[in-house]
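I opened the notebook to record what I looked up in this model. The entries follow the order in which I checked things.

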Amino acid sequence: MPHKLPILIDTDPGVDDALAILMAHRHADVVGLGIAAGNVGLAHTTANALKLVETIGATTPVFAGCAQPLVAPPPESAAFVHGRDGFGDTGYLPGARRADGEPAALAILRLAREHAGKLVIVALAPLTNLALALRLDPDLPSRVARLVVMGGAVTGRGNTSVAAEFNIGFDPEAASIVFAAWPQIELVDWELTTRHGIGFDTIARWCAADDPRARLFDAISRKTRAWSQARGRRQLMLADPLAMAVALQPELVTRTQELHVDIALHGAARGATLVDWENRSGRAPNTRIVVDVDQAGFEALAASAFGTE
Ligand code: BDR
Ligand code: CA
């Protein structure tokens, strides 16, 4: 049997993070979950990850990370989308396991050494833990096979401010460190996400599966689905599952562009991804921007997270 892809997920669950984590457990060897603050505070994101791992019936280690951004005070959370606990305020019974004692940044460095040359890091949260790991060991990228980041809004159509996407806007200094140091990031941005939403009827079909993972996702995603529909959206935006699909099945990507990306740190554009579309800076590309994805393939991969294939 071919070896499964070793994947380390840095995440802030989060409803869409939850589906991405389910997908990864179905198709890859998930070597750890690094937990960041973001959608909601670290205590909730860590508890949510532990609950999810328990529901899957897995033993994936969960490493709590930074409770706040590297430099600035935490901006507004995304509780209005994901619920105050990040999991739709269902009042679920907490998982029995606890987080591992190792901080996420150190776990990233250790796992990158243990799986040197093979590890795929999928960053679905503010980049705080990864930036800290990079500051501790600038050689980290040389040991990592791929870094897939869900973040940014490549033409400036933000979802948390006019120009910034949530993950980058939550901790712009961390994102700046990662984009400055990493030679090639595979970027799944918010604007791609909006072109690849998934219909509410499809989601309802997944949620109806007779499977504990489907039941959990059904419960925790209700508030988010209602919030999205109340805003007039016809589809659910599943940013993190889209990034996970790109990580798990790169052949789903039908178009990319390699460009240099920087992070704005000041003023109204703070947290924006500054894409050098015309190579005015003359700098070498550091990012492969995913421009298009096979929608049917993405939906099939997401559905398989619930055991329906
Ligand atoms: C990103 O922000 C979070 O709210 C989601 O979990 C996703 O990672 C989308 O902008
Ligand atoms: Ca997330």
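Entry 1. Before looking up any residue, I wrote down that a residue counts as buried when its relative accessible area is under 20% and as exposed when that area is over 50%, with partly exposed in between. I also noted that the model is predicted.

Entry 2. I looked up Thr-11, which belongs to strand S1 (residues 6-11). Its relative accessibility is 0%, so Thr-11 counts as buried. I then checked its side chain and found a polar contact, at 2.9 Å, with the side chain of Asp-17.

Entry 3. From Asp-17 I went on to ligand 1. A polar side-chain atom of Asp-17 is 3.0 Å from an oxygen atom of the ligand. For Asn-159, I found an N or O atom of the side chain 2.9 Å from an oxygen atom of ligand 1. For Asp-240, the distance from a polar side-chain atom to an oxygen atom of the ligand is 2.6 Å. How much of the accessible area of ligand 1 does the protein cover? On its own the ligand has 280 Å² of accessible area, and the protein covers 95% of it.

Entry 4. I asked which residues come nearest to ligand 1. There are 13 residues around it, and the nearest are Asp-16, Asn-39, Asn-159, Glu-165 and Asp-240. The ligand takes up the space of the largest pocket. Helix H1 (15-27), helix H7 (166-170) and helix H12 (239-248) are the elements that each give two or more residues to the shell around the ligand.

Entry 5. Next I turned to strand S12 (residues 287-293). Is S12 largely enclosed or largely open? Five of its seven residues are buried, so the rest of the structure largely encloses this strand. Strand S6 (residues 185-188) pairs with S12 in the parallel sense, over three bridges. Strand S9 (residues 253-259) pairs with S12 in the antiparallel sense, over six bridges. Ile-289 of S12 is the bridge partner of Leu-187, and Ile-289 is also the bridge partner of Gln-257.

Entry 6. Last, I looked up Ala-47, which lies in helix H2 (residues 42-56). With 29% relative accessibility, Ala-47 counts as partly exposed.

Methods:
Residues numbered from 1 in each chain as written. Chains lettered and ligands numbered in written order. Predicted model: local features only at pLDDT ≥ 70, side-chain atom pairs only at ≥ 80, totals over all residues. Heavy atoms only, no water. Buried < 20%, exposed > 50% of the residue type's maximum accessible area, 1.4 Å probe, protein only. Helix = DSSP H or I, 4+ residues; strand = E, 2+ residues; numbered from the N terminus. Pairing = 2+ DSSP bridges. Near = heavy atom within 4 Å. Polar contact = N/O pair within 3.5 Å; in protein donor to acceptor, adjacent residues only side chain to side chain. Areas by Shrake-Rupley, 256 points an atom, 1.4 Å probe, with all protein chains shown as cover. 1 Å grid on protein atoms, 1.4 Å probe; cavity = no way out; pocket = protein on both sides within 12 Å on 5 of 7 lines; lining within 4 Å. Sits in = over half its atoms within 2 Å of the grid points.
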